[in-house]
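Please consider the sequence and the model shown below.

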Amino acid sequence: MSSLYPRTKELTRTRKSLSDSPPSSPSPTAKSFRHDRASRLDSGSGSGDSATDRLLGRTSSYTRRENRLASLSKADDDGSSKDFKKMYEDALAENEKLKSRLEDSRQELASIRTQLEKVTQKQDRISERSSVLETEKREKRVLEKKVSEMEEELKVLTELKSDNQRLKDENGALIRVISKLSK
């Protein structure tokens, strides 16, 4: 029964296409088609054996066609399943490649992050060193300033000591003069 459906569809397509055309006089090919068909029917009605042969021929042609379609659909099924299998295998292979690339990228990212961390730590140490250096420079300037102030004080102190000694000497001389005058 399923073999009849495609035939029916073909006939309905032919009928539709014929019915879709506007009514006009039949074309020469349509006339010859009708004539050939009528002559076959007329010749077939005369002998009963040829009609049976034709019926068997049609049945065998339908059977052959059905077998051919079944084998084609099986081949299509096999081909399509092979195609799907190949597509599936290709997709799996592509997924594996992508997973591998993703893993490589993750490892590279981890490596780059560690390098970045090291560089950041170095930068921090350098900035700490630079800040320490700046602090040391400031402290050095403060100390140099204190040293220069102390040197100045030392000069003043030595001058004061020498003045003090001179004044002691003068004081001693004056005491002697006063004691000589008081005698």
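A residue is called buried when its relative accessible area is under 20%, exposed when that area is over 50%, and partly exposed in between. By this rule D163, at 34% relative accessibility, counts as partly exposed. The coordinates discussed here belong to a predicted model, and the same rule can be applied to the whole protein chain: of its 183 residues, buried ones make up 1%. The chain exposes about 17,000 Å², of which carbon and sulfur atoms supply 57%.

The architecture is helical. The protein chain contains three helices and zero strands, so that its elements, read from the N terminus on, follow the order α-α-α. Helix α3 spans residues 48-182, while helix α1 covers residues 4-20.

How far may these elements be trusted? Across the protein chain the average pLDDT is 76, and 62% of the residues score at least 70. Confidence is highest in helix α3, with a mean of 85, and lowest in helix α1, with a mean of 48. Over residues 7-23 the pLDDT stays under 50, and the model has two contacts beyond four places in sequence for this stretch. Where pLDDT is low, predicted coordinates should not be read in detail.

Attention may now turn to the charged side chains. The structure holds three salt bridges. In one of them, the side chains of D90 and K86 meet with an N to O distance of 3.5 Å. D90 is partly exposed, at 41% relative accessibility.

R166 takes part in a salt bridge with D163, at 3.7 Å from N to O. These two residues are three apart in helix α3 and therefore separated by about one helical turn. R166 also forms a salt bridge with E170, where the closest N and O atoms are 3.3 Å apart. Because E170 and R166 are four residues apart in helix α3, about one helical turn separates them as well. Through shared partners, the salt bridges join D163, R166 and E170 into one network. Its members are partly exposed: the relative accessible area is 42% for R166, 41% for E170 and 34% for D163.

V156, L157 and L160 make a nonpolar surface patch of about 270 Å², and L160 has its place in helix α3.

Methods:
Residues are numbered from 1 along each chain as its sequence is written. This is a predicted model: local features need pLDDT of at least 70, side-chain atom pairs count only at pLDDT 80 or more; totals for chains, interfaces and linings use all residues. Side-chain values use heavy atoms; hydrogens and water are left out. pLDDT is the predictor's confidence in each residue, from 0 to 100. Contact means heavy atoms within 4.5 Å. Patches are made of residues with over 30% relative accessible area and no salt bridge: like charges are joined within 9 Å, nonpolar side chains (Val, Leu, Ile, Met, Phe, Trp, Tyr) within 5 Å. Accessible areas come from the Shrake-Rupley method with a 1.4 Å probe; for residues, only the protein chains shown count as cover. A salt bridge is a side-chain nitrogen of Lys or Arg within 4 Å of a carboxyl oxygen of Asp or Glu. Buried means under 20% relative accessible area, exposed over 50%, partly exposed in between (1.4 Å probe, protein chains only).
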